[in-house]
Amino acid sequence: MILIVVKFRTRPEATDSFLDEVADFTAATRAEPGNLWFEWSRSVERDDEFVLVEAFKDGAAEAHVTSDHFKAGLAAMKPLLKETPLIVSREVEGEGWDRMGELTIDG
């Protein structure tokens with residue numbers, strides 16, 4: 001699968017509404033056949049930073065980045081951001097989360 005993590009820093013006036021502004025893009029991406037997950041989180045260290053963790057089945061990422069909703073999502077996001085997002089994108093084995101063996105919880 002393709003595993004992608006992106007950090008977005010927002011302009012002060014856009015921080016509180018950012019997730020609402022990207023809601024259509026989020027819903028459309030989650031509906032893509034090859035999307036495994038597309039999850040937003042907010043940084044506990046920076047109020048203006050949102051972290052997106054997303055994954056796609058092998059071969060599905062190209063359809064995502066060439067989709068109309070991707071282009072519209074980027075256009076909607078750009079004026080809300082104060083700097084270029086940071087990204088890590090890697091191919092990894094599997095198609096889902098594994099349990100963490102070092103911290104097994106019984107029960």
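R9 is found in strand β1 (helices, H or I of at least four residues, and strands, E of at least two, are DSSP runs numbered from the N terminus). The model is predicted, so local features need pLDDT of at least 70 and side-chain atom pairs count only at pLDDT 80 or more, while totals for chains, interfaces and linings use all residues. Residues are numbered from 1 along each chain as its sequence is written, and side-chain values use heavy atoms, with hydrogens and water left out.

R9 counts as buried, at 14% relative accessibility (buried means under 20% relative accessible area, exposed over 50%, partly exposed in between, with a 1.4 Å probe and protein chains only). Its side chain makes a polar contact with the side chain of D48, at 3.0 Å (a pair of N or O atoms within 3.5 Å; within protein, one must be able to donate a hydrogen and the other to accept it, and residues adjacent in sequence count only if both atoms are side-chain atoms). Leaving aside neighbours within four places in sequence, R9 is in contact with R46, D48, E49, L80, L81, K82 and E83 (contact means heavy atoms within 4.5 Å).

Strand β1 also takes part in strand pairing (two strands pair if DSSP finds at least two bridges between them). It runs antiparallel to β3, to which 8 bridges join it, and I4 stands opposite E54 in β3. With strand β4 (residues 86-91), β1 pairs in the antiparallel sense over 6 bridges; here K7 stands opposite L86. Strands β2 and β3 are likewise antiparallel, paired over 7 bridges, and a hairpin joins them through 6 residues.

The aromatic residues come next. A search of the whole structure finds 8 aromatic pairs (rings of Phe, Tyr and Trp, the last by its six-membered ring, pair if their centres lie within 6.5 Å; planes under 30 degrees apart count as stacked, over 60 as edge-to-face and the rest as tilted). F8 and W40 form a tilted pair, 5.2 Å centre to centre with 50° between the planes. Because F8 lies in β1 (residues 2-9) and W40 in β2, the pair ties together parts that are 32 residues apart in sequence. Both F8 and W40 are buried. The rings of F18 and F50 have their centres 4.9 Å apart and their planes at 35°, so this pair is tilted. F18 lies in helix α1 (residues 18-21) and F50 in β3, so the pair ties together parts 32 residues apart in sequence. F18 is buried, with a relative accessible area of 0%, and F50 counts as buried at 1%. One aromatic cluster is formed by F8, F18, F25, F38, W40, F50 and F70.

The largest nonpolar core has 18 residues, of which F8, F18, W40, L52 and M77 touch the most other members (a core is a set of buried Ala, Val, Leu, Ile, Met, Phe, Trp, Tyr and Cys residues joined through side-chain atoms within 4.5 Å). β1, β2, β3 and α4 each supply at least two residues of this core, and the largest share, 4 residues, comes from β1. Not counting residues up to four places away in sequence, F8 touches F18, W40, D48, E49, F50, L52, M77, L81 and P85.

In helix α2 (residues 23-30), F25, T26 and T29 are buried. Seen down the axis of α2, its buried residues fall within an arc of 100°, so they line one face of the helix (the arc is that of the directions from the helix axis to the C-beta atoms). These residues pack against β2 (35-42), β3 (49-56), α3 (61-65) and α4 (68-77).
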